[in-house]
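Hi everyone, thanks for making the time. Have a look at the model on the screen, and I'll talk you through a few of its strands and helices.

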Amino acid sequence: MLVTRKPEGPRLGVVSLDAIGYRNTIDLPDPFNAPPPPPDEPTGFFMHPAFWPVPTAFAIAPGTGGSVLLEGRPDAIEAIADAVDRLAPHCDLIVGNCGYMYYARSAVRTETPTLLSALQLLPYALQSTTRPVGILTFNKAFTKTMLSDHPDRSRLRIVGVSALPNWSALNHRDWLVKIPRVNMDEFRRELIEVCLRERQGRAFMDIGSIVLECTAMPQFRADIVAALRLPTWDIAAVARSLLGA
């Protein structure tokens, strides 16, 4: 069912990899009025409507879970492009809910502005400084491989959090149905400890700006900025700015 676009201000579309519990609101009669999320769903994640200050619709890209996107499989990339197409008639801006959607950036067909991954902000982060640029990511090895042919890879300083006790939970598909799902205070603590440690004589020692690849990280943007005192690039901040929010 095609929903006529409403006049009351900018609206956002979020593309997600398929996962247990995520709502595919674009298939509902009114994609911007979804059933309320479960009470335990973390509000700091992109798939929670409360995270966004504008009406938001969500589309799931089927068959993109696990490692298929990281393998660059054409069917996974096409599923993401199709999800973007489904959101495009309804939205003023579309973002991705996983930094590894970087693999699908060139498959986007719509004229609706689309930012699938914070890694697409790397050109701006690199232009903003003559120093190296840090990337705070979920899995360092995956991100390093994904950016192996980047023209400025020698300036990139990549740090991952997938081995941390609490962040490692995101490696497991069943984390979405656990109650409680995650301890957000522990997420914050581990993330800030990593930032401070890497700033002291390690990967982030000489960086001039930082990009937050993982979409679970923008909720801690203020803490990261306070810890590193650097220009910080993330997809949520850019989306809010573009939408005037």
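Let me start with a term: when I say contact or packing, I mean heavy atoms within 4.5 Å. What you see is a predicted model, where local features need pLDDT of at least 70, side-chain atom pairs count only at pLDDT 80 or more, and totals for chains, interfaces and linings use all residues. Residues are numbered from 1 along each chain as its sequence is written, and side-chain values use heavy atoms, with hydrogens and water left out.

Helices (H or I, at least four residues) and strands (E, at least two) are DSSP runs, numbered from the N terminus. Buried is under 20% relative accessible area, exposed is over 50%, and partly exposed is in between, using a 1.4 Å probe and protein chains only.

Let's go to helix α6, residues 235–242, where Ile-235, Ala-236 and Ala-239 are buried. Looking down the axis of α6, these buried residues fall within an arc of 95°, so they line one face of the helix; that arc is taken from the directions from the helix axis to the C-beta atoms. And what do the buried residues of α6 pack against? They pack against β3 (93–96) and β4 (114–115). At the start of α6, Asp-234 brings a side-chain oxygen to within 2.9 Å of the backbone nitrogen of Ala-236. Just after the helix, Gly-244 has a positive phi of about 70°.

Now α1, residues 74–87. Its 14 residues, at 1.5 Å a residue, should span 20 Å, and the end C-alpha atoms are 20 Å apart, which agrees; the expected span is 1.5 Å times one less than the number of residues. Its buried residues include Ile-77, Ile-80, Val-84 and Leu-87, and the buried residues of α1 pack against β1, β2, β3 and β4.

That brings us to β2, residues 56–61, where six of six residues are buried. In a regular strand, side chains alternate between the two faces of the sheet. Here Thr-56, Phe-58 and Ile-60 point one way, while Ala-57, Ala-59 and Ala-61 point the other. Strands pair if DSSP finds at least two bridges between them. β1 (residues 12–17) and β2 pair in the parallel sense over six bridges, with Leu-17 partnered by Ala-61.

Last stop: an open sheet of four strands, ordered β6-β5-β7-β8, with parallel pairing. β6 (156–160) and β8 (232–233) stand at the edges with a single partner strand each, so one side of each has no neighbour in the sheet. β7 (residues 209–212) pairs with β8 over two bridges, and Val-211 stands opposite Trp-233.

How values were computed: A polar contact is a pair of N or O atoms within 3.5 Å; within protein, one must be able to donate a hydrogen and the other to accept it, and residues adjacent in sequence count only if both atoms are side-chain atoms.
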